[in-house]
Amino acid sequence: MKNFKPLEPRSASSAGASSGTSGSVVTAEKAISFISKGWREVRSSADADLQLIKNRANSFKNLADREFENFLNSASKSPFSVPTITASATMSPAPYAEMDFVKKLQPKILEIRRAYSSPDFKFYPRRQIKLGLPAIRDAVVSEVDEEDERDRFGNWSRVRFKDRERVDGQHEDSWEPMKTLKSRLRELEQKSSSEILEGIKNSEFVEKLKSSLDVPPLDVPELLACLVRQSSPLLDQLGINKGISDKIVESLCSKRKSQLVFRSMPSGESSIVESENINDELDLRIASVLQSTGHSYEGGFWSDVGKNDVSDKKRHVAIVTTASLPWMTGTAVNPLFRAAYLAKSAEQNVTLLVPWLCRSDQELVYPNNVTFNSPEEQESYIHRWLEERVGFKADFKISFYPGKFSKSRRSIIPAGDTSQFISSKDADIAILEEPEHLNWYHHGKRWTDKFNHVVGIVHTNYLEYIKRERNGALQAFFVKHINNWVVRAYCDKVLRLSAATQDLPKSVICNVHGVNPKFLKIGEKVAAEKESGQQTFSKGAYFLGKMVWAKGYKELIDLLATHRTDLDGFNLDVFGNGEDAHEVQSTAKKLNLNVNFMKGIDHADDSLHGYKIFINPSISDVLCTATAEALAMGKFVVCADHPSNEFFRSFPNCLTYKTPEDFVAKVKEAMANEPQPLTTEQIYNLSWEAATQRFMEYSELDKVLNNTHKSNIKKSTSLPNMSGMVDGSLAFAHYCLTGNEFLRLCTGAIPGTRDYSRQHCEDLHLLPPQVENPIYGW
């Protein structure tokens, strides 16, 4: 106890530090010891395995040596120690022959063994005993006589081969078969050269080759004509009119126009196709030449050869539009009816793809504060609204893609790649409602690459709207060329509802819209009341449309203000809501016009049945749906003499005017008379059944669905199409430009619309864009 010394007190921090330091040192030592022990075990195990492998190898070597030794010893003894065999035995003499063979083989085996056991024995490279084409060639060259200095193999080959012979120690004695082969080759070469030179000198050789063909090849003018015609899309983008290209093609082919079709067909078949169109004749001429060679073009550059195969299953039609109910606009209503009537035939599956707006955008777009919490809720609303009007259950699917509302453009812009919301197995036929609008900022897969056939339907005259804005002429110039660009790149066929739209590539004019069946029923009811002698119309004139200046309100106010005295006692009721409502109403009030403004309502509302005259002075519409609905209800329509109203001119109740004075006359005519009842043919022309039939015909969808062709000669896969190459390059350039956020913002895109937002991910149950489309996945 006397040696006991109390411990000196330490602070808590120092104690903890010391404890922690000693603990870490112990832990490190244990870890090093564990690693060292494991390494020693691994090393000893590896050494044991290597020793075992060496022992096995030595045992196999010893066994092989013993077997070889036994084989040699057995050959030197009596025949394998077999018992004596008498002559009367039935055994054949083959074993004796075999034993004699072994006796003869023994000396040679002993020699091989001695050579093998000799310390001077070494292996020679395989190349000394290998016989290949280079060796044969060098052997032939080596036999060339010294006087033949101009041999085609050259002196350097002969010298190199002889030098290698001296190095390798090979004999220079010639081999007789090689001499014979060399002489035969020289004779054949001299004979072929003389024949070729003689054929080239003879000018009749080319003519004989041409005459031997069933279909003569293309001449230089025909090749130039084909090149110019195929380059017309590129020339069009450069500002050269297509008519100029056609004149060049016609001038190149004019000398041979009477012989094109005759030359393109084999004998006895020249009357199969007779056409006055030089382009068709040139097509058939090129196709026949290529078919005679057996050539078939399978696509190239940006064409997609992996499209969906639909040969053994039901076809699928995807309709993609830029708006959705309850926004009562043409691009929301008309595609909905198109989907219903295409699905009604049950010959193909139909999917309607509409934009989904987040709650904040829904409040800006949808009327009467109608909003939806989920896509399923909006889908139920759309189906219910549709079935109340068409009278049958529409069996088609509604899908949603992310969209954002642009206040400046007053329209919905897609966010992300819209095409990805149609699965690859359903990617067959695509109908793009407003293709230019859908593809302004489209950064995704090319529609024509994913789908087998793409049809665009132009609804809106964007150039007319843009011209009304500030710097409108300049903006319209750029938008015109951008529309040409995207439509050419992403569509196979384009339908324009009227000539009021921009003249786009691959387009034809046809009204493919019908009228809600509810309006036709109202017209039938009015006709029945008129036959029974009842008063059908108790009210005067009205106008219905979205209250923005571009929808005809400026033209309407100008007409009423200019001819106020001529239209004394004429009152007009206006129904509509819109961004310019306050300005329109204040302007009309300031001019003291007889106009009553009311809130917008459904055109089929009972309160509108009693009006007799529908006034529509708009010249910005492409095909006014309200005009068609008014005609279907049996009313008079007073509208401008404009390409947008061309389809309605055949109806007797449609009164068109050209001048302001003519407008006054048509209004007075309508007020003084009663509308004529619609005939059965007129009712059918307004219906969606007729519109669907026109759509199938003008879009060539009936031929696509039935896989029919106009001609037995297949032109589409006969040769590379310059137009297709131009379209592919335009699509690729558009993809690159729309991928740059700075360029998107400079052209008026909504920020952040290259990909969909986080709110869209939550609403539509989507993966984040960076997961769905990783940067390394393109």
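Biologist: Buried means under 20% relative accessible area, exposed over 50% and partly exposed in between (1.4 Å probe, protein chains only). Is Asn 592 buried or exposed?

Modeller: Asn 592 is exposed, with a relative accessible area of 58%. This is a predicted model, in which local features need pLDDT of at least 70 and side-chain atom pairs count only at pLDDT 80 or more, while totals for chains, interfaces and linings use all residues. Residues are numbered from 1 along each chain as its sequence is written, and side-chain values use heavy atoms, with hydrogens and water left out.

Biologist: Where does Asn 592 lie?

Modeller: Asn 592 is in the loop between α21 (581–590) and β11 (595–598); helices (H or I, at least four residues) and strands (E, at least two) are DSSP runs numbered from the N terminus. Although Asn 592 is not a glycine, its phi is positive, at about 55°.

Biologist: And what about Lys 506: what is its phi?

Modeller: The phi of Lys 506 is near 60°, a positive value in a residue other than glycine. Lys 506 belongs to the loop between β7 (493–496) and β8 (507–509). Lys 506 is partly exposed, at a relative accessible area of 29%.

Biologist: Which peptide bond is cis?

Modeller: The bond from Leu 325 to Pro 326 is cis, with omega near 10°. Pro 326 sits in the loop between β1 (316–320) and α12.

Biologist: Which residues of α12 meet α25?

Modeller: Asn 334, Phe 337, Arg 338, Tyr 341, Leu 342 and Lys 344 of α12 are in contact (heavy atoms within 4.5 Å) with α25. On the α25 side, the residues are Trp 688, Glu 689, Thr 692, Phe 695 and Met 696.

Biologist: Turning to strands, how do β9 and β10 pair?

Modeller: Strand β9 (residues 539–544) pairs with β10 in the parallel sense over 4 bridges; pairing requires that DSSP find at least two bridges between two strands. Ala 541 stands opposite Leu 572 in β10.

Biologist: Which residues of β10 are buried?

Modeller: Both faces of β10 (residues 572–575) are covered. Leu 572 and Val 574 are buried on one side, and Asp 573 and Phe 575 on the other.

Biologist: Where is confidence lowest, and where is it highest?

Modeller: The mean pLDDT (the predictor's confidence in each residue, from 0 to 100) is lowest in helix α10 (residues 260–264), at 42, and highest in strand β2 (residues 349–356), at 95. Over residues 123–131 the pLDDT is below 50, and that stretch has 3 contacts beyond near neighbours in sequence. Residues 297–306 are also below 50, with 17 such contacts in the model.

Biologist: What is the mean for the protein?

Modeller: The mean pLDDT is 76, and 67% of the residues reach 70 or more.
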